[in-house]
Structures are given as structure tokens and as C-alpha cells.
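This report covers helix packing, the ligand site and backbone geometry, in that order.

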Amino acid sequence: MPFSAPKGTYDVRPPDSARWLEVRGALLAPARLAGYALIDTPIFEDTALFARGVGESTDVVSKEMFTFTDKGGRSLTLRPEGTAGVVRAVVEHGLHHGQLPVKVWYAGPMFRHERPQAGRFRQFQQVGIEALGVDDPALDAEVVALAVEAFRELGLQRTELLLTTLGDRVCRPVYTEQLREFLAGLPLDADTRRRAEVNPLRVLDDKRPEVQALVADAPALVEHLCEECRVHYDLVRAHLTDLGISWHEAPRLVRGLDYYMRTTFELQHPLLGAQSAVGGGGRYDGLSEAIGGPPLPGIGWALGVERTLLALDAEGVHGEPPARCAVFAVPLSEDARRFTVPLIDELRRAGIPTDMAYGGRGLKGAMKAADRSGAALAVVIGAEELATRVVQLKDLSTGEQQAVSADDVVAQVRKRLP
Ligand code: HAM
């Protein structure tokens with residue numbers, strides 16, 4: 001076979017695909033209970049949307065985008081994240097003129113040209129929510145709590161919430177200037193010095209121990225917040241406390257996207273090694289304007305499905321693999337097969353997940369297939385009973401078998417299913 005999935009990608013395939021689907025659904029279940037509705041935007045967008053929205057100086061935009069030119073000469077990019085596209089869609093369709101906040105969820109593939117490693121892919125799955133049009137600390141707390149709850153819902157116990165505020169247009173520039181001055185006085189290498197000029201906040205997040213030692217005494221943004229940002233952050237924390245949610249203050253949390261303002265957070269899992277972030281998000285009140293829209297506050301998050309699955313494995317949380325079907329039909333002759341096809345159709349129409357032995361296998365092979373299917377019951381249709389319209393219902397865990405009328409099969413099956 002000359003082909004394999006492209007580097008950094010993978011195939012979601014059975015039997016694990018059932019778990020993948022279940023996890024994706026479970027991560028979004030709390031948000032759906034809180035009134036978030038589906039939004040589905042294109043997988044590619046105008047390249048400039050990400051350049052302006054996510055930020056030209058970020059690694060995501062400057063190094064990791066899958067960008068191509070279409071036949072009309074337009075520069076398009078496979079979305080590296082979902083927020084910029086959602087804000088574009090909300091503004092384009094005037095959803096923000098309706099009831100506020102606009103609350104939406106999404107799920108789908110994102111693309112980043114990163115160096116693949118455990119938990120890091122070039123095509124990966126995110127689920128996300130965004131709440132737009134309202135700047136209310138209670139909404140920040142709701143959004144953060146829905147991420148915490150998403151992991152709790154799955155049975156993960158060790159996910160940690162890191163929380164901070166990044167200030168706003170008033171206090172951040174003042175702080176950034178102070179930080180720049182502080183960094184200018186340090187013996188940094190040329191590369192880091194350049195980074196300190198473009199985006200000094202990012203230097204604080206440098207993982208190298210020698211840089212960490214140098215910036216240990218750097219001024220902290222949380223100590224330079226304007227009054228409005230301080231009040232906002234205090235209220236967010238008060239609401240989270242009321243909700244019984246605990247967190248770590250992370251004054252040096254720097255996210256890889258430039259649109260964040262005020263409340264910013266990440267969810268990390270301690271057993272995941274280098275790629276420990278299972279999710280992240282925050283408030284992005286300037287994003288709409290950055291892409292040419294009206295002032296439109298917003299807050300949201302995205303969670304990584306692959307890393308969530310890795311975290312579940314690491315904690316040993318294994319859901320029951322769901323059975324492929326509840327009933328498995330075994331026809332024992334060609335005539336019986338004619339009889340079985342409409343019979344399984346009837347069971348399926350009654351809402352009972354049903355499959356049958358295809359491919360003319362003998363009784364032994366067919367019963368093996370029945371066992372493998374995970375079904376609780378087998379319906380065995382023998383040639384000799386066709387005239388009397390009788391089938392055998394076999395309980396696959398106890399082996400007990402009983403003859404029932406084919407005309408009554410739905411009711412008989414229902415009686416025996418858990
Ligand atoms: P992000 O932190 O860039 O945020 O990505 C969110 C999550 O996606 C990460 O925590 C991680 O679990 C997963 N992820 C990111 N890159 C990869 C990768 N290469 N392979 C596997 N998983 C990955 C955002 O994307 C923002 N749009 C979140 C947001 C929504 N902020 C506000 N609203």
C-alpha cells in the first residue's frame with residue numbers, strides 16, 4: 001500500500017471511533033445545557049482573518065498555517081483555530097443584533113503545521129464554545145465553569161485550572177512598556193531581545209531555566225491592573241468560588257494567540273508531559289474590531305479531543321466500549337436470509353440496534369460474529385421453522401434459547417433487552 005495518512009494526521013476508526021464520538025459529545029454536554037447552540041463555519045477562511053484576528057506575531061500565524069492560493073488568486077488558510085471564524089460569522093450575519101449573549105458551540109478539525117509528537121498533531125479536533133456581546137464577569141465564570149465541568153463529566157479528576165487576567169487596552173500597554181524597559185536591562189540573547197521588543201509578555205513564558213531565572217523579578221501584570229480590570233477579575237473569582245471551583249493563579253500564563261484580554265485560562269493535565277494543555281480560552285474583547293467588525297466583547301474556550309483521550313487513558317478512565325448492536329440475526333439458509341432482511345428492518349424501525357450475519361457463514365461462524373458484535377440477543381432463523389414463522393431468540397450471555405413467533409419478535413426482543 002503506497003499511501004499512508006499525511007504526517008501529523010491520523011484516522012478516526014472503529015472500534016475506537018465510538019469512544020472518540022462519545023468524548024466529543026460529553027465535552028459539549030454541559031454547554032448545551034447552558035443554552036449554547038451549534039455554529040459550523042468553513043474549514044478555510046481568508047488568510048487575513050487569522051493574520052489580523054489571531055495576530056501576525058504569534059507562532060500560530062507566522063509559522064504554523066496551512067496557506068494556499070485558490071484558482072481565483074485568493075489567499076486562503078485552513079483554520080488553525082475556531083474563534084476568528086466564529087466572530088466573523090456572527091458579525092457577518094448580524095447575530096449580535098439579536099438576543100445577547102450570542103452563545104454558540106462548535107466541533108471540528110483545526111490545522112497547525114507543528115512538529116508532530118505525542119498529543120500534538122497537524123490536524124486535530126477541537127470542541128469549543130463562544131459567548132459574545134456581553135461583558136459580564138458572571139458570563140466569564142459560566143464559560144470557565146463549563147470547561148471544568150466538561151472534564152468532570154468525563155470522569156477526569158486531575159485536570160487543573162490555571163487562571164489569570166491579561167488586563168485591557170487601558171492597563172496592558174502601560175504594563176507592557178514597563179516590562180519592555182525591565183527586559184531591556186537584562187543580558188538576553190539577540191533572538192530573545194527581538195522577541196522582547198515585539199511581544200515582551202511572551203518572554204515571561206520562555207521555558208528555558210536561564211531565562212526564567214533572569215525574569216524572576218519582572219513586574220507582574222496583575223499588580224498593574226486598572227481599576228475596571230481589577231474589579232472584573234475579583235468578581236470572576238468570586239463567582240468561581242461560589243461555584244465551588246478551584247484554580248491556580250497563573251500570572252505568567254501566556255497563550256499562543258494575541259486576541260486575549262482580561263480573563264484568560266488554561267486547563268492542564270499533569271500526566272500528559274510536554275503537551276499538557278487539554279484546553280484553553282479567555283476573553284477577546286478587541287477581536288471583532290481587529291477584523292473590521294463593531295466593538296463586540298466575547299469569551300470562549302476550545303478543548304482538544306485527542307489530548308482529552310490521552311488524559312482519560314493516563315487516569316485509567318475507560319468507558320464501557322458501546323456494543324455495536326443489541327440484536328444480531330443469524331439466518332441458516334438462503335430462504336432464511338430472504339426472511340431475515342425484512343425482519344432486521346422491522347427491528348431497526350422499532351429503534352432496536354440490529355445487525356445480521358452477512359456473507360453466507362455457517363452456524364458456527366455466524367454465532368461467533370454475533371458474540372463479537374456485542375449484541376445481547378441473537379435471533380436464529382432456521383430453514384425448517386420458516387413455514388411456521390418461528391424464530392429462536394438466544395440470550396448471548398446465558399445461552400438460554402426460546403422459540404418465539406416472528407410476528408411478535410419486536411415485543412419479545414424488547415422484553416429481554418435491559
Ligand atoms: P488553543 O489553546 O490554541 O486555543 O487550543 C485549544 C486546545 O486545542 C489546546 O489546549 C489543545 O488541547 C488543543 N490543541 C492545540 N493545538 C493542538 C495540536 N497541534 N494537536 C493537538 N491538540 C491541539 C484556541 O484554539 C482558542 N481558539 C480557544 C478559544 C476559544 N479562546 C477563546 N475562544
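The crossing of α1 and α5 is right-handed; a crossing is called right-handed if the near helix is turned clockwise from the far one by less than a right angle, and left-handed if anticlockwise. Helices here are DSSP runs of H or I with at least four residues, strands are runs of E with at least two, and both are numbered from the N terminus. This is a predicted model, in which local features need pLDDT of at least 70 and side-chain atom pairs count only at pLDDT 80 or more, while totals for chains, interfaces and linings use all residues. Residues are numbered from 1 along each chain as its sequence is written, and side-chain values use heavy atoms, with hydrogens and water left out.

**Helix packing**

Two packed helices are described by the angle between their axes and the distance between the axes. Axes are lines fitted to C-alpha atoms, for helices over the stretch in contact, and angles run from 0 to 180 degrees between N-to-C directions.

| Helix pair | Crossing angle | Axis distance |
|---|---|---|
| α1 (residues 17-33) and α5 (residues 137-153) | roughly 135° | within 8 Å |
| α1 and α12 (residues 305-314) | about 105° | 10 Å |
| α6 (residues 171-184) and α7 (residues 190-198) | roughly 165° | within 9 Å |

With a crossing of roughly 135°, α1 is therefore oblique to α5. Angles under 35 degrees count as roughly parallel, over 145 as roughly antiparallel, 65 to 115 as roughly perpendicular and the rest as oblique. On the α1 side, A26, L27, A29, P30 and A31 make the contact (heavy atoms within 4.5 Å), and on the α5 side L146, E149, A150, F151 and E153 do so. Eight of these residues are nonpolar, none is polar and two are charged. In this classification Ala, Val, Leu, Ile, Met, Phe, Trp, Tyr, Cys and Pro count as nonpolar, Asp, Glu, Lys and Arg as charged, and the others, Gly among them, as polar.

Helix α1 also packs against α12, at about 105°, and the two are therefore roughly perpendicular to each other. R19, W20, V23, R24 and L27 of α1 contact V305, T308, L309 and L312 of α12. This contact has six nonpolar residues, one polar residue and two charged residues.

The axes of α6 and α7 cross at roughly 165°, so these helices are roughly antiparallel to each other. Their crossing is left-handed. From α6, R180, L183 and A184 meet R193, A196, E197 and V198 of α7. The contact of α6 with α7 holds four nonpolar, no polar and three charged residues.

**Ligand site**

There are 27 residues around the ligand, and E81, E114, E130, R255 and Y260 come nearest; a residue is near the ligand if one of its heavy atoms lies within 4 Å of it. E81 places a polar side-chain atom 2.6 Å from a ligand nitrogen atom. In the side chain of R112, an N or O atom is 2.9 Å from an oxygen atom of the ligand. For Q126, the distance from a side-chain N or O atom to a ligand oxygen atom is 3.1 Å.

**Backbone geometry**

P14 and P15 are joined by a cis peptide bond with omega of about 5°, and P15 is in the segment before α1. A cis peptide bond also runs from L100 to P101, with omega near 0°. P101 belongs to the loop between α4 (83-92) and β5 (102-111). R262, a residue other than glycine, has a positive phi near 55° and lies in strand β9 (residues 261-268).

Conventions: A polar contact is a pair of N or O atoms within 3.5 Å; within protein, one must be able to donate a hydrogen and the other to accept it, and residues adjacent in sequence count only if both atoms are side-chain atoms.
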